[in-house]
Amino acid sequence: MKNLKVTTVILAMAFIGLTAISCKDAKKENTNEEGSQMEASHDNSDGHHDKEAMHDNSDGHHDEDSDSSTDHTRDIEANTQKNTATTPIIDAYIQIKNALTTDNKNEAAKGGTALVAAFSKFDMSNLTGETHKEYMEILESAKEHAEHIVKSPIDHQREHFEVLSTDINDLVALLGTEKTLYQDSCPMANNGKGAIWLSEVEEIKNPYMGIKMPTCGTIQKQIN
Amino acid sequence: MKVVKKIALVLLVAFVGIQFIPTERNQSDSVPSTDFMLVNNVPENIQKKLQVSCYDCHSNNTDYPWYNKVQPVAWYLEDHVEHGKEELNFNEWDSYSSRRKNSKLKSIISQIEDDEMPLKSYTLIHRDARLSDNEKKIVLDWVSKLKDSL
């Protein structure tokens with residue numbers, strides 16, 4: 001009987017020890033109320049401002065004004081190659097985007113996992129020189145953001161999605177896509193500095209504002 | 001009473017025992033040429049602040065106080081340092097691509113703005129690592145300027 005007790009105590013000790021080792025600081029799940037303030041200051045009365053940027057896209061040419069939010073962004077139209085290899089990556093990105101438009105943290109996390117998987121399956125054996133170097137930089141950054149989207153509360157997911165969007169936009173510009181994509185812009189994201197995202201549909205569905213302001217934003221470019 | 005004594009004894013033995021389990025110390029004598037301070041022109045006051053508030057977990061060299069040499073505190077700290085360096089290592093700054101630098105600066109700004117860094121569990125003991133509102137502003141202004149210049 002005594003032995004049993006001693007054993008129990010030792011087991012308990014081991015358990016506490018292991019818990020201490022694996023213990024990580026729980027991330028704060030603070031709900032972001034910023035959006036509601038911003039909504040008040042934003043004139044969204046017409047509800048259709050997103051349509052202003054629509055043009056006849058049949059010729060594939062667009063003459064939108066250049067915007068300040070995409071200083072570091074490559075021109076998404078730089079590569080018109082109909083590349084199918086990038087499709088799984090873009091699909092996973094779109095999955096995250098759509099989850100964020102409906103404030104769905106868990107779905108966004110699933111999209112993050114899918115994106116990491118899509119990147120690791122991507123065959124980069126035929127990329128050479130500068131293209132390979134740039135792909136590696138995009139990969140490194142995008143994977144990191146995807147991993148954070150998997151484990152973060154939604155306001156952080158959106159912060160990582162801002163940079164991820166630039167990465168994926170640059171990836172499309174670098175390697176091309178077979179898909180029809182829209183580069184949309186939200187001037188209120190990124191603390192009012194503006195941010196872009198890519199969408200597979202023409203209709204504006206804002207991943208940064210979510211269900212509070214789903215139609216905020218404009219189309220800047222269309223690819224394919 | 002016997003049981004209590006036995007438990008106390010086991011605890012003591014376990015406590016002493018775990019002190020002998022080696023922990024890898026995050027310590028290095030040299031600062032690599034890729035260090036954030038060496039490749040950026042960082043004002044002295046900001047250098048000092050970053051060193052005290054960030055470098056313990058985000059560089060190859062932790063300034064260990066005595067209690068962090070005692071287990072299981074040391075394990076707990078090692079875990080933080082390992083994770084912290086994985087996220088951002090100021091010593092390796094210049095080996096990051098400009099895409100990554102940009103994204104790291106953005107994260108630095110947002111973490112400081114939201115008071116998520118330095119960690120509360122860290123500043124609880126390391127009182128000098130706390131950032132006052134004024135210090136926060138000075139650091140944030142400078143980091144934002146650096147980000148815009150990239």
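A residue counts as buried if 20 or more other C-beta atoms lie within 10 Å of its own, as exposed if 12 or fewer do, and as partly exposed in between, with C-beta atoms placed from the backbone. By that rule, 33% of the 224 residues of chain A are buried.

The model used in these exercises is predicted: local features need pLDDT of at least 70, side-chain atom pairs count only at pLDDT 80 or more, and totals for chains, interfaces and linings use all residues. Residues are numbered from 1 along each chain as its sequence is written, while chains are lettered from A and ligands numbered from 1 in the order in which they are written.

**Exercise 1. Find how many helices and strands chain A has, and the order in which they run.**

Step 1. Start with the assignment: helices (H or I, at least four residues) and strands (E, at least two) are DSSP runs, numbered from the N terminus.

Step 2. Count them: chain A holds six helices and three strands.

Step 3. Read off the order from the N terminus, which is α-α-α-α-α-α-β-β-β.

**Exercise 2. Work out how the strands of chain A pair, and how covered β2(A) and β3(A) are.**

Step 1. Two strands pair if DSSP finds at least two bridges between them.

Step 2. Take β1(A), residues 181-186, and β3(A): five bridges join these antiparallel strands. One position to look at is S185(A), which stands opposite T218(A) in β3(A).

Step 3. Turn to β2(A), which pairs with β1(A) over five bridges, again in the antiparallel sense. Here Q183(A) faces L198(A) of β2(A).

Step 4. Check the cover. In β3(A), residues 218-223, five of the six residues are buried, and in β2(A), residues 195-199, five of five are.

Step 5. In a regular strand the side chains alternate between the two faces of the sheet. For β2(A), A195(A), W197(A) and S199(A) lie on one side and I196(A) and L198(A) on the other, and all of these are buried.

**Exercise 3. Locate the largest nonpolar core and the elements that build it.**

Step 1. A nonpolar core is a set of buried Ala, Val, Leu, Ile, Met, Phe, Trp, Tyr and Cys residues joined through C-beta atoms within 7 Å.

Step 2. The largest such core has 37 residues, and those with the most contacts inside it are I89(A), Y93(A), I96(A), L115(A), I168(A), V172(A) and C186(A).

Step 3. Two or more residues each come from α3 (87-101), α4 (105-121), α5 (129-151), α6 (154-175), β1, β2 and β3 of chain A.

Step 4. Zoom in on one member, using the rule that two residues are in contact if their C-beta atoms, placed from the backbone, lie within 7 Å. Leaving out residues up to four places away in sequence, L115(A) touches I89(A), A92(A), Y93(A), I96(A) and A146(A).

Step 5. Another core, of seven residues, lies apart from the largest one and includes F36(B), L50(B), F90(B) and W93(B).

**Exercise 4. Decide which residues of α3(B) are buried and how they sit around the helix.**

Step 1. In α3(B), residues 44-53, the buried residues are K49(B), L50(B) and S53(B).

Step 2. These residues span an arc of only 95° around the axis, so they sit on the same side of α3(B); the arc is that of the directions from the helix axis to the C-beta atoms.

Step 3. E44(B) and K48(B), on the other side of α3(B), are exposed.

Step 4. The cover over the buried residues of α3(B) includes α4 (55-58) and α8 (133-149) of chain B.

**Exercise 5. Track down backbone features: a cis peptide bond and positive phi values.**

Step 1. Most residues other than glycine have a negative phi, and most peptide bonds are trans.

Step 2. The bond between M117(B) and P118(B) is cis, with omega about -10°. P118(B) belongs to the loop between α6 and α7 (120-123) of chain B.

Step 3. N190(A) has a positive phi near 55° and lies in the loop between β1 and β2 of chain A. N190(A) is partly exposed because 18 other C-beta atoms lie within 10 Å.

Step 4. N191(A) has a positive phi of about 55° and is found in the loop between β1 and β2 of chain A. With 14 C-beta neighbours inside 10 Å, N191(A) is partly exposed.
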